[in-house]
Amino acid sequence: ESQVVTLTKAFLLSDREIDVGTFRKFVMDTECPPDEKPEILPDEHAGINPTDGHPVQNANWYDAVLFCN
């Protein structure tokens, strides 16, 4: 069964997946305050070690918001 949804506010959406290398740069950025970024890469929670070109996996909503901000 389908449902119609009406978006009432604008939102931003990336035109590509965020890769591990890009997310790692964000996490390792010393100019970004520690409380405004995840402590470790999301994939490290799961023991996954993809290459920098792989899309970030296991990022939660909070990690994504921190990255976008």
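This report describes the secondary structure, surface, salt bridges and aromatic pairs of a predicted protein model.

## Basis of the model

The model is predicted, so local features need pLDDT of at least 70 and side-chain atom pairs count only at pLDDT 80 or more, whereas totals for chains, interfaces and linings use all residues. Residues are numbered from 1 along each chain as its sequence is written, and side-chain values use heavy atoms, with hydrogens and water left out.

## Overall architecture

The protein has 3 helices and 0 strands, in the order α-α-α from the N terminus. Helices (H or I, at least four residues) and strands (E, at least two) are DSSP runs, numbered from the N terminus. Of the 69 residues, 19% are buried; buried means under 20% relative accessible area, exposed over 50%, and partly exposed in between (1.4 Å probe, protein chains only).

Contacts are heavy atoms within 4.5 Å. Among those between residues at least 6 apart in sequence, 48% join residues at least 24 apart.

## Surface

Accessible areas come from the Shrake-Rupley method with a 1.4 Å probe; for residues, only the protein chains shown count as cover.

Val5, Leu7, Phe11 and Leu13 make a nonpolar surface patch of about 500 Å². Patches are made of residues with over 30% relative accessible area and no salt bridge; like charges are joined within 9 Å, and nonpolar side chains (Val, Leu, Ile, Met, Phe, Trp, Tyr) within 5 Å. Leucine 13 lies in the segment before helix 1 and is exposed, with a relative accessible area of 73%.

The structure holds 4 aromatic pairs. Rings of Phe, Tyr and Trp (its six-membered ring) pair if their centres lie within 6.5 Å; planes under 30 degrees apart count as stacked, over 60 as edge-to-face and the rest as tilted. Phenylalanine 23 and phenylalanine 26 form an edge-to-face pair, 5.5 Å centre to centre with 75 degrees between the planes. These two residues lie 3 apart in helix 1, about one turn, and both are buried. The rings of tryptophan 61 and tyrosine 62 are also edge-to-face, with centres 5.2 Å apart and planes at 85 degrees. Tryptophan 61 is exposed at 62% relative accessibility, as is tyrosine 62 at 60%. Ring pairs link Phe23, Phe26 and Phe67 into a cluster.

## Salt bridges

The whole structure contains 2 salt bridges, each defined by a side-chain nitrogen of Lys or Arg within 4 Å of a carboxyl oxygen of Asp or Glu. In one, aspartate 15 pairs with arginine 16, the closest N and O atoms being 3.3 Å apart; both residues are exposed.

In another, aspartate 52 pairs with arginine 24 at 3.2 Å between the closest N and O atoms. Aspartate 52 lies in the loop between helix 2 and helix 3 and arginine 24 in helix 1 (residues 20–28), so the pair ties together parts 28 residues apart in sequence. Aspartate 52 is partly exposed at 43% relative accessible area, and arginine 24 is partly exposed at 30%.

## Loop between helices 2 and 3

Asparagine 58 is found in the loop between helix 2 (42–45) and helix 3 (61–68). Its phi is positive, about 65 degrees, although asparagine 58 is not a glycine. Most residues other than glycine have a negative phi. Asparagine 58 is partly exposed, with a relative accessible area of 47%.
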